[in-house]
Amino acid sequence: MNHILRQLPAIHELQQDKRFTQLLENKQLSKGKVTEWLQEAVADIRKRVLTGEIEGDQSITFTDSIFSRLSERVSHHSTFALQRVINGTGTVLHTNLGRARLSEKAINQVVETAYSYSNVEYNLKQGKRGSRHDLIDELVKQITGAEAAMVVNNNAAAVYLVLKACAKGKEVIVSRGELVEIGGSFRVSSIMEESGAHLVEVGTTNKTHLYDYEHAISEETAMIMKVHTSNFKIIGFTKDVSIAEIKPVACAHNILVYEDLGSGAIYDLKKDGIGQEPTVTEALQRGADLVTFSGDKLLGGPQAGIIAGKKKWIDQLKRHQLARVLRVDKMTLAALEATLKDYVNEEVARETLPTLKAIRLKKDDIQKRIDKFTSSLSPFWNTEVRNGVSQVGGGTMPEVELETELLLLANENIKAQYIHDELRKGTPAVITRIIDDKVAFDFRTIEEEEFEDLHRRLQDIPREMGKII
Ligand SMILES: *Cc1c(COP(=O)(O)O)cnc(C)c1O
């Protein structure tokens, strides 16, 4: 068997093959990526020799089968509708670009869970049917202090389920200042209507007082809902009523207090001087019976809606028919559990979750990224580095401006708009902004491992120009 294995060509030999260089030229792929696939193809053949699937002393040409595997992999890669992009906008949670990036741990968990069978609905201790909600229940309890928790498809689904299961046919009191629209498609008032709960608006756009809530309470009131207005800020003469103030009134009337937190921070960014976002724990401590929040905003996990709070209500939600309709897949649960686990130790969360890392990235570190990137940039480009701001995005913390450094690229012979469009149309697509007729890159959201691809995409531009001229 060993003498067969010895016939396997070395990677550096395969890289000399003209098929390798052709792939690099035609397909706009990085050398690193194609080499990685080459290694995979070789490893696959090696495995098949070891398992005896390829046997005997036949004079097989490994090189041909390696390259046929490689070209399969490459054509597969270039035909996906959903593909990775390089986010040069600096907006960390860009809703159009997939919001949060997952941690390595979360990705590995997804891969492993997707590849194998899993105990997604099987209780291994008792050897009988289990509930998928129980998989993250303990973790959420541990890191937020909630009595119980469950997960649904996204936060919009979480809001819908809470309203439907706890307030259908009844009245829900909401401050006018909190009747927000999020992301152009999620309106509290519309989702309320869909759920069959009756909206009772109180107060005005800028001011709502405790007596507004008190006056609105009737026999029909099931719930007071607070919506964290995460995507806009009213400034000037404003007044809103905190859950802590509402709680005693609600208790006296036996009314549920529910807060839709939206972004749902578990890590307290206020400690780092970033924003004013309340944490999930704070919302629960102030007295919310239920809170809902997104998995892929500040939490930094997969798309999901998490509902946490009093066990009595969570149990009611879990039993509702809609829970089955809105349930999440095992891959979501895998990614979510791995993400939540990092929060058990806050330091781990802050060092490993890409969202928290990117938000907390200092201007100096962004400057270092730019220096490193420009050190091997072609002289074709005129460069300028200037101060700028990046956004957290995802509708969260609109008032927060994260200080950053922007790299501006230009060439006197090409319009910025052309460069911007070309970068977007190639593979991998690069999303940039145009500032002062230059193409702007915010390296807050560009990682070092993306440099090679970005360099190559930038080299394509003068090359394409050459063809046109
Ligand atoms: C983002 C947001 C939602 C919607 O959450 P999705 O996860 O996008 O479904 C609902 N409410 C608030 C307050 C939000 O910020």
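Which elements do the buried residues of α7 pack against? The legends below begin with that helix.

This is a predicted model, in which local features need pLDDT of at least 70, side-chain atom pairs count only at pLDDT 80 or more, and totals for chains, interfaces and linings use all residues. Residues are numbered from 1 along each chain as its sequence is written, and side-chain values use heavy atoms, with hydrogens and water left out.

View 1. Helix α7 spans residues 134–144; helices (H or I, at least four residues) and strands (E, at least two) are DSSP runs, numbered from the N terminus. Its buried residues are I136, D137, L139, V140, I143 and T144. Buried means under 20% relative accessible area, exposed over 50%, and partly exposed in between (1.4 Å probe, protein chains only). The buried residues of α7 pack against β4 (148–152), α12 (280–285), β12 (305–309), α13 (311–319) and α15 (330–342). After α7 comes G145, with a positive phi near 80°.

**View 2. The annotated lysine K297.** The loop between β11 (290–294) and β12 holds K297. An unreviewed UniProt entry annotates K297 as "modified residue: N6-(pyridoxal phosphate)lysine"; UniProt positions are given in the numbering used here, feature names are shortened, and annotations may be inferred rather than shown by experiment. K297 counts as buried because its relative accessible area is 4%. Not counting residues up to four places away in sequence, K297 touches L93, R99, A100, I182, G262, S263, T355, G394 and T396, where contact means heavy atoms within 4.5 Å.

**View 3. An open sheet of four strands.** The strand order is β13-β14-β17-β16, and the pairing is antiparallel. Two strands pair if DSSP finds at least two bridges between them. At the edges are β13 (382–390) and β16 (433–435), each pairing on one side only. On average, neighbouring strands of this sheet are turned by 40° against each other, direction ignored.

**View 4. Strands β16 and β17 with helix α19.** Three bridges join β16 to the antiparallel strand β17 (residues 438–442). I434 stands opposite V439 in β17. Helix α19 (residues 416–425) lies across β16 and β17, at about 45° to β17; axes are lines fitted to C-alpha atoms, for helices over the stretch in contact, and angles run from 0 to 180 degrees between N-to-C directions.

**View 5. The loop residue S30.** S30 lies between α3 (18–27) and α4 (31–50), in a loop. S30 is classed as buried because its relative accessible area is 6%. Leaving aside neighbours within four places in sequence, S30 is in contact with L24, E452, D453 and R456.
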